[in-house]
Amino acid sequence: MHIQQVEVVTRVSIADRPNSDKDSSVQIDSWLRKVGETQDKVAFAELFKWFAPKIKMYGLKRFNDQSLAMDLVQETMTLVWRKATLFNRSKGNASGWIFTVMRNHSFDMLRKIQTNKEDTISEDLWPLYDKQVETNSVDFLENKNLEKALMLLPLPQRIVIEGLYVQGLTQQELSEQLAEPIGTIKSRLRLALTKLRQEYEHE
C-alpha cells in the first residue's frame, strides 16, 4: 500500500484525542489494533500523524540526510500497515512495537548504504583498469600493473579479490568457502579496493 494513497474520510473528534501519556498509550494501542483487525485507514492516518515526526527526527539523527529520513518514515509506516496483525499487546505497547519496526528497518537501510558504498568503490575501480589495456577483451588480471598491485596486498585481501573477480564467487559464497563472517569479507574487499585505487592513482 502506498502511504500517499491513504484517504482520511472522517476526523477523530477532539474528545477522542489523548490528553496524557497514559491516554496516549491506550489510544495508540487502539489505533494499531484497528489497523491490524480491519485495516482502518482513519486509525492508520492517526498513527501516521503521531509517529511520522518522531521517525523523521530519528532518521535525521541516524542518517543526517533529509531524503533518507523520509524514506525511513514511509517504509516504517508501510511495514506498520502490513504487519499490524502481528502486534501483541501482552508483549508491550504499540509505541514500543512501532519503534522496534523503525529501528530494525533503519539497520537494514544502513546495511544497504554500506553495501552500496562498497559497490561504488568497486565500480569506480574499473575505469582505472581500462586505461591500462588496449581492448575490452583483455582480462584485467592479465595486466602486469594490476598483478603487481595485487601482490602488494596482504594475503587475506588478495584472496578476497581473486575469489570475487577471478573465480566469480559472490561475497556469501566466499564467506562460506573461507569460513569467515560476511562482514570480514566486506571489510577486506573495501580495504583491498581502496589500496588498489591508491596504487593506480599514484602511477
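Trainee: What angle do helix 2 and helix 3 make where they pack in this predicted model?

Mentor: Helix 2, residues 41-63, and helix 3, residues 66-83, pack at an angle of about 145 degrees, and their axes lie 8 Å apart. The crossing of helix 2 and helix 3 is right-handed.

Trainee: Which residues make the contact?

Mentor: On the side of helix 2 they include Phe44, Phe48, Phe51, Ile55 and Phe63, while helix 3 contributes, among others, Leu72, Val73, Thr76, Met77 and Trp81. The residues of this contact divide into 17 nonpolar, 4 polar and 2 charged.

Trainee: Why is Thr76 called buried?

Mentor: A residue counts as buried under 20% relative accessible area, and Thr76 has 0% relative accessibility, so Thr76 is buried.

Trainee: Where is Thr76 found, and which residues does Thr76 touch, not counting those up to four places away in sequence?

Mentor: Thr76 belongs to helix 3, and, with residues up to four places away in sequence not counted, Thr76 touches Ile55, Ile98, Val101 and Met102.

Trainee: What makes Asn88 partly exposed, rather than buried or exposed?

Mentor: Buried requires a value under 20% and exposed a value over 50%, with partly exposed in between; the relative accessible area of Asn88 is 33%, and therefore Asn88 is partly exposed.

Trainee: Where along the chain is Asn88, and how far is its C-alpha atom from that of Arg33?

Mentor: Asn88 sits in the loop between helix 3 and helix 4, the latter spanning 94-130. The C-alpha atoms of Asn88 and Arg33 are separated by 9.1 Å, with the two residues 55 residues apart along the chain.

Key. Residues numbered from 1 in each chain as written. Predicted model: local features only at pLDDT ≥ 70, side-chain atom pairs only at ≥ 80, totals over all residues. Heavy atoms only, no water. Axes fitted to C-alpha atoms, helices over the stretch in contact; angles between N-to-C directions. Helix = DSSP H or I, 4+ residues; strand = E, 2+ residues; numbered from the N terminus. Left-handed = near helix turned anticlockwise from the far one by under 90°. Contact = heavy atoms within 4.5 Å. Nonpolar A, V, L, I, M, F, W, Y, C, P; charged D, E, K, R; others polar. Buried < 20%, exposed > 50% of the residue type's maximum accessible area, 1.4 Å probe, protein only.
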